[in-house]
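Work through the exercises below with the sequence and the structure at hand. Try each task before reading its solution.

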Protein chains: 2
Amino acid sequence: MRRALALAATPGVPLHPNPRVGCVLLAPDGSTVGEGYHHGAGTPHAEIEALTAAGDRARGATAVVTLEPCNHTGRTGPCAQALVDAGVARVVIAQRDPNPQAAGGMDTLLEAGLEVDAGLLADEAAEINRAWTFAHLNGRPFVTWKLATTVDGRSAAEDGTSRWVSSSAARRDTHVLRGLCDTMLVGTNTVEVDDPRLTVRGDDDEPVGEQPLRVVMGERELSADRKVLDDSAPSVHLRTHDPAQALRTLYADHGRSHVFLEGGPTLAAAFLRAGLVDEVVAYVAPMLLGAGTSAVGDLGIGTIADALHLALVDTTVVGEGAEANVRMIMRPTKRS
Amino acid sequence: MRRALALAATPGVPLHPNPRVGCVLLAPDGSTVGEGYHHGAGTPHAEIEALTAAGDRARGATAVVTLEPCNHTGRTGPCAQALVDAGVARVVIAQRDPNPQAAGGMDTLLEAGLEVDAGLLADEAAEINRAWTFAHLNGRPFVTWKLATTVDGRSAAEDGTSRWVSSSAARRDTHVLRGLCDTMLVGTNTVEVDDPRLTVRGDDDEPVGEQPLRVVMGERELSADRKVLDDSAPSVHLRTHDPAQALRTLYADHGRSHVFLEGGPTLAAAFLRAGLVDEVVAYVAPMLLGAGTSAVGDLGIGTIADALHLALVDTTVVGEGAEANVRMIMRPTKRS
């Protein structure tokens with residue numbers, strides 16, 4: 001299973017929309033007869049790749065797979081039936097499939113008379129597809145809220161200028177984190193005021209890799225010349241102010257698992273108040289403004305006992321010298 | 001000189017009001033005939049301790065000393081004359097004495113015909129008495145401003161409650177830093193609202209070690225029952241709103257070298273606007289309030305280009321688990 005997990009975590013595999021899966025086929029004597037991992041949407045699943053590699057040697061073999069083999073026909077056929085057809089004798093599964101559309105593979109295997117074990121290293125397998133697992137279990141995407149702030153909690157100066165609070169090193173780091181998500185989310189106000197591109201860009205400021213879906217939420221009409229509407233990546237305008245409704249739509253209609261929330265203080269506050277922020281990434285710049293836009297809007301908190309507490313998961317200094325910003329990654333510990 | 005610097009930096013020596021000094025006496029053959037370091041106000045200076053240890057062997061010796069031997073008679077006699085009287089042949093000095101009241105020792109030595117060299121490892125010697133050196137060179141104490149803030153820059157909630165923004169681990173750490181200073185400084189408003197003790201306390205909340213002078217700034221009268229006026233440590237009320245004037249008084253009349261500024265946002269802003277903050281220690285708590293008192297008051301900054309930039313000197317996570325706060329130590333790089 002460790003080998004299957006390592007295969008699943010092979011770098012470079014797109015995170016959206018499919019989970020990352022690894023599979024190892026073992027002969028009765030314990031030797032490996034086939035390996036495979038999922039390379040991204042539209043390509044063969046891990047089990048199929050391993051079966052192809054094994055050929056006839058799959059008969060009587062044990063399949064070790066990080067995720068319950070799928071039971072549905074999407075762009076590829078159901079893996080559970082393929083394992084049965086190849087004559088595999090036993091299947092060892094780490095994580096059960098949390099996706100209701102694909103689940104049922106284990107039943108198919110059991111009905112065909114195969115021996116099946118599930119749960120081995122299940123937590124490690126789920127961690128490889130953390131946001132995907134979260135989305136299927138909760139019916140909405142995992143939400144990472146990113147903010148850039150001065151030490152005194154300002155995201156912009158009194159006149160609205162905010163370029164730049166965070167250093168260029170911190171902004172490069174942000175693009176790496178954007179690339180780990182499948183959805184960028186801001187409000188209409190940010191689009192009108194800042195006109196961001198919301199793409200994942202490299203050091204040369206050019207788009208790199210598969211681009212997340214660019215989502216603008218709010219009822220206000222967008223000007224046609226906004227950069228978020230250009231053809232560098234797909235975009236969607238969700239005409240709602242309700243965070244829960246927006247997230248439901250992104251999961252159900254767009255198959256999204258991981259939202260990177262980069263909206264302004266008002267949109268961030270709406271998500272926080274609704275208990276719909278699962279991770280906070282704060283870039284703290286060693287800078288003071290003394291006035292200006294607060295990094296987060298009103299949370300309805302009047303006294304210190306009601307503060308929204310977060311658990312500090314990671315603290316890293318990003319950049320060096322005058323570029324140094326402190327990145328704090330936090331997770332909520334208490335929901336209001 | 002390295003040995004003399006190590007002697008000067010002997011742990012446990014009080015930092016106020018005298019500098020830390022180390023001295024090594026070497027015979028013409030290079031062997032050590034005496035060593036000494038200054039143990040604190042009212043005790044023999046380093047040179048005298050070394051001369052006493054050497055006795056007759058001081059004749060013809062070389063004295064290696066981290067600070068220019070003093071030329072004035074305070075609670076102890078002038079060291080320069082003592083070196084001459086003991087028949088020392090040569091004196092090697094690291095740092096020249098920045099204190100105008102004590103300087104002139106080198107001239108005394110030269111006039112008596114001794115060979116004198118100054119400047120060897122002078123920067124390292126100055127670093128051992130960083131605040132003391134700064135104070136004498138600038139005619140005012142070095143100012144460390146400490147603040148406790150949420151990630152969104154709040155030092156108190158909307159109703160004024162602030163116990164506690166920082167974790168108990170961060171507060172313990174603050175007492176360690178207080179103990180490295182010789183002066184605690186707040187405004188009258190903090191005394192009236194929070195009624196702090198402003199003492200250096202240990203884990204059992206009892207005062208430990210030599211206590212800094214407790215200074216309250218502002219023209220408002222203090223209630224007699226305020227804790228800062230109790231007998232646990234000396235206190236002074238400076239009836240001024242002017243940071244520069246307060247610092248001049250603390251240096252000239254009270255011989256102070258290092259102020260730990262723990263006032264509220266308004267007092268902190270007054271010092272920042274005057275360019276009189278030399279170091280910022282921010283404890284950032286992984287917590288959001290969304291509203292409440294800003295960690296720093298108005299700095300007269302209207303646009304991002306005028307932001308007060310700080311250089312990040314150190315980033316440390318203080319405390320573990322729910323106690324974890326991020327301590328950022330910064331120094332100003334640009335003065336408005």
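The exercises that follow concern a predicted model.

**Exercise 1. How are the two copies, chain A and chain B, related?**

Solution. 
- Step 1. Two copies of a chain are related by a rotation about an axis and a shift along it.
- Step 2. Chain A is superposed on chain B by a rotation of 180 degrees, with 0.0 Å of shift along the axis and an RMSD of 0.1 Å.
- Step 3. The copies are therefore related as by a two-fold rotation axis.
- Step 4. G153(A) is the residue of chain A that comes closest to this axis, its C-alpha lying at 1.8 Å.
- Step 5. Of the interface residues of chain A, 100% are also interface residues in chain B, so the copies meet through the same surface.

**Exercise 2. Describe the open sheet that has nine strands, and find its edges.**

Solution. 
- Step 1. The order of the strands is β13(A)-β15(B)-β16(B)-β12(B)-β6(B)-β11(B)-β8(B)-β9(B)-β10(B), with mixed pairing.
- Step 2. At the edges stand β13 (287-288) of chain A and β10 (235-238) of chain B; each has a single partner strand, so one side of each is left without a neighbour in the sheet.
- Step 3. Within the sheet, β8 (183-187) and β11 (258-261) of chain B pair in the parallel sense over three bridges. Here L185(B) stands opposite L261(B) of β11(B).
- Step 4. Helix α6 (130-138) of chain B packs on the sheet and touches β6 (142-150), β11, β12 (279-285) and β16 (325-332) of chain B. The direction of α6 makes about 120 degrees with that of β6(B).
- Step 5. Helix α7 (168-178) of chain B also packs on the sheet, touching β6, β8, β11, β12, β15 (308-318) and β16 of chain B. Its direction makes about 165 degrees with that of β12(B).

**Exercise 3. Is M287(A) buried or exposed, and which residues is M287(A) in contact with?**

Solution. 
- Step 1. The relative accessibility of M287(A) is 5%; buried means under 20%, so M287(A) counts as buried.
- Step 2. Neighbours within four places in sequence are left aside; the contacts of M287(A) in chain A are then T150(A), V151(A), D152(A), W164(A) and V165(A).
- Step 3. In chain B, M287(A) is in contact with I304(B), A307(B), L308(B), H309(B) and L310(B).

**Exercise 4. Describe the open sheet of five strands in chain B.**

Solution. 
- Step 1. The strands are in the order β2-β1-β3-β4-β5, and the pairing is mixed.
- Step 2. The edge strands, β2 (32-37) and β5 (115-118) of chain B, each pair on one side only.
- Step 3. Direction ignored, neighbouring strands of this sheet are turned by 15 degrees against each other on average.
- Step 4. β3 (62-67) and β4 (90-95) of chain B pair in the parallel sense over five bridges. L67(B) has Q95(B) as its bridge partner in β4(B).
- Step 5. Helix α2 (46-54) of chain B packs on the sheet, touching β1 (22-26), β2 and β3 of chain B. The direction of α2 makes about 145 degrees with that of β2(B).

**Exercise 5. Which residues touch the most other members of the largest nonpolar core?**

Solution. 
- Step 1. The core has 88 residues, and those touching the most other members are W145(A), F271(A), W145(B) and F271(B).
- Step 2. Take F271(A): beyond four places in sequence, its contacts include V143(A), L185(A), M217(A) and L261(A).
- Step 3. Apart from this core lies another, of 26 residues, among them L25(B), A50(B), V84(B) and I93(B).

**Exercise 6. Compare two loop residues, R201(A) and N71(B).**

Solution. 
- Step 1. R201(A) is found in the loop between α8 (188-194) and β9 (213-217) of chain A, whereas N71(B) is found in the loop between β3 and α3 (79-85) of chain B.
- Step 2. R201(A) is buried, with a relative accessible area of 13%; N71(B), at 30%, counts as partly exposed.
- Step 3. The side chain of R201(A) makes a polar contact of 3.0 Å with that of D205(A). A polar contact of 2.7 Å joins the side chains of N71(B) and T108(B).

Note on methods:
Residues are numbered from 1 along each chain as its sequence is written. Chains are lettered from A and ligands numbered from 1 in the order in which they are written. This is a predicted model: local features need pLDDT of at least 70, side-chain atom pairs count only at pLDDT 80 or more; totals for chains, interfaces and linings use all residues. Side-chain values use heavy atoms; hydrogens and water are left out. Helices (H or I, at least four residues) and strands (E, at least two) are DSSP runs, numbered from the N terminus. Buried means under 20% relative accessible area, exposed over 50%, partly exposed in between (1.4 Å probe, protein chains only). A polar contact is a pair of N or O atoms within 3.5 Å; within protein, one must be able to donate a hydrogen and the other to accept it, and residues adjacent in sequence count only if both atoms are side-chain atoms. Two strands pair if DSSP finds at least two bridges between them. Axes are lines fitted to C-alpha atoms, for helices over the stretch in contact, and angles run from 0 to 180 degrees between N-to-C directions. Contact means heavy atoms within 4.5 Å. Copies are superposed by least squares on the C-alpha atoms of residues with pLDDT of at least 70 in both. A nonpolar core is a set of buried Ala, Val, Leu, Ile, Met, Phe, Trp, Tyr and Cys residues joined through side-chain atoms within 4.5 Å.
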